[in-house]
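My entries are below, in the order in which I looked things up.

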Amino acid sequence: MRNAQFVAQYEEVHLQAWRLALYLCGRREDAEDLLAEAVAQAIRNYDKLRDETRFRAWFLRLMRNLHIDHLRRRKRQLDVADFGGDQIIWERLGRYPTLSGPQRKTELRSVFRALDRLPEGLRLPLALTALEGYNLKEVGQIMGISAGAVKVRIHRARKKLQDFLGEGFEVGL
């Protein structure tokens, strides 16, 4: 019975978890590994989940914590330039079919490059709210911080993006 409940709840969150894994890792192969490890750990710890209505936040936070553990083990910040981030940038662009024209794609490529340069603590809340549509409270649950702290990080992320992109860009994220 619990297995069926887990599968049903995971199916609802899978797409969001996959996108979060891509944001966290920056590379498809690493995202697949992270997601697989998160699923395995979630299955092992599913009985510890007290409120099944909070499965999404619990699972996404578990995945984020696993990613942080990986970063700590490697003791270095991932840099998108290390593994040709263009592929992930174009994957992201593919999710936004309303965009057209080479000039627009070039501008978006610059924005995603700037996003990838942000520290994870700033990049993640901005991406989750602006690109994935989470509200401040949900992002706070995923990251284990208050909604107010999320708001501050988003403000700082936008300011840094503006610095990276220069005066010609208006950061509307």
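These entries start with the ground rules and then go through the model by topic.

**Ground rules.** I am working on a predicted model, in which local features need pLDDT of at least 70, side-chain atom pairs count only at pLDDT 80 or more, and totals for chains, interfaces and linings use all residues. I number residues from 1 along each chain as its sequence is written, and side-chain values use heavy atoms, with hydrogens and water left out.

**Confidence.** I looked up pLDDT, the predictor's confidence in each residue, from 0 to 100. The protein has a mean of 80, and 77% of its residues reach 70 or more. Helices here are DSSP runs (H or I, at least four residues), numbered from the N terminus. Confidence is highest in helix α2 (residues 28-45), at a mean of 93, and lowest in helix α4 (residues 86-94), at 49. I noted that pLDDT is below 50 over residues 76-87, a stretch with 15 contacts beyond near neighbours in sequence; contact means heavy atoms within 4.5 Å. Residues 95-99 are also below 50, with 9 such contacts.

**Helix α8.** I then listed its buried residues (under 20% relative accessible area, with exposed over 50% and partly exposed in between; 1.4 Å probe, protein chains only): V150, I154, A157, L161 and L165. They fall within an arc of 65 degrees seen down the axis, so they line one face of α8; the arc is that of the directions from the helix axis to the C-beta atoms. On the other side, H155, R156, K159 and D163 are exposed. Just after α8, G166 takes a positive phi of about 90 degrees.

**Aromatic rings.** I found 8 aromatic pairs. Rings of Phe, Tyr and Trp (its six-membered ring) pair if their centres lie within 6.5 Å; planes under 30 degrees apart count as stacked, over 60 as edge-to-face and the rest as tilted. F6 and Y10 are stacked, 6.1 Å centre to centre with 5 degrees between the planes. They sit 4 residues apart in helix α1 (residues 2-25), about one helical turn. F6 is buried at 7% relative accessibility, as is Y10 at 14%. Y46 and W58 are edge-to-face, at 6.5 Å and 65 degrees. Ring pairs link F6, Y10, Y46, F55, W58 and F59 into a cluster.

Terms used
Helices (H or I, at least four residues) and strands (E, at least two) are DSSP runs, numbered from the N terminus.
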